[in-house]
Amino acid sequence: MTRVGKRIDSVWGAGGGQQPVKKLVKEIDMLLKEYVLSGDVSEAERCQVPHFHHELVYEAILMVLEASGDNTYRMMLSLLESLWKSAVITLDQMKRGYDRIYYEIPDINLDVPHSYSVLERFVEDCFKAGIISKQMRDKCPSRGRKRFVSEGDGGRLKFESY
């Protein structure tokens, strides 16, 4: 393969711009699972389709929300930080990935009950690592904790709210 051909292949992957979206999503999912096992950032950097990096961001955060242990959390934080600092993921792609998670968090929360609190913690850690801006951090949806009767007004009705 010529030098130009190698460059095009590394930018678009083997037909990356022409691959079906479902196939690209599956490849990103496999890549992230492989990364959690191996920790090889360089492999994650070269197996991407640049116009689809928002999906990588989205899937990485989704994996964090669905994970039961702290290992996935740390690994995905490290991956996003590395890809951001090496300019593999652009600001626009990062923003689009986070916006998708923010938009879908009510549905995600149905399947993963503590997703709001995990997301808030992850977003804060991403902000501290310099991955996202203050504006992006502040857009993070939060879900207030429900109050119990024992904490408040004893269950009395408040007529001023009607």
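What follows is a close look at one helix pair and its surroundings.

Modeller: Quick housekeeping before the close-up. This is a predicted model, so local features need pLDDT of at least 70, side-chain atom pairs count only at pLDDT 80 or more, and totals for chains, interfaces and linings use all residues. Residues are numbered from 1 along each chain as its sequence is written, and side-chain values use heavy atoms, with hydrogens and water left out.

The chain has 8 helices and 0 strands, where helices are DSSP runs of H or I with at least four residues and strands are runs of E with at least two, both numbered from the N terminus. Of its 162 residues, 34% are buried, meaning under 20% relative accessible area with a 1.4 Å probe, protein chains only. Take the contacts (heavy atoms within 4.5 Å) between residues at least 6 apart in sequence: 69% of them join residues at least 24 apart.

Now the pair. Helix 2 (residues 21–38) packs against helix 5 (residues 70–85) at about 110°, and their axes are 10 Å apart. Those axes are lines fitted to C-alpha atoms over the stretch in contact, and the angle, on a scale from 0 to 180 degrees, is taken between N-to-C directions. So helix 2 and helix 5 are roughly perpendicular, a label that covers 65 to 115 degrees. On the helix 2 side, Leu32, Tyr35 and Val36 make the contact; helix 5 brings Asn71, Thr72, Met75, Met76, Ser78 and Leu79. By class that gives 6 nonpolar residues, 3 polar and no charged ones. Nonpolar here takes in Ala, Val, Leu, Ile, Met, Phe, Trp, Tyr, Cys and Pro; charged is Asp, Glu, Lys and Arg; the others, Gly among them, are polar.

Val57 and Leu79 are 22 residues apart in sequence and 9.7 Å apart in space, C-alpha to C-alpha. Val57 is buried, with a relative accessible area of 0%. Leaving aside residues up to four places away in sequence, it touches Leu80, Ile89, Gln93, Met94, Gly97 and Tyr98.

One of those, Gln93, is found in helix 6 (residues 91–111). Gln93 is buried too, at 7% relative accessible area. A polar atom of the Gln93 side chain lies 3.2 Å from the backbone nitrogen of His53.

Definitions and conventions: Buried < 20%, exposed > 50% of the residue type's maximum accessible area, 1.4 Å probe, protein only. Parallel < 35°, antiparallel > 145°, perpendicular 65-115°, else oblique. Polar contact = N/O pair within 3.5 Å; in protein donor to acceptor, adjacent residues only side chain to side chain.
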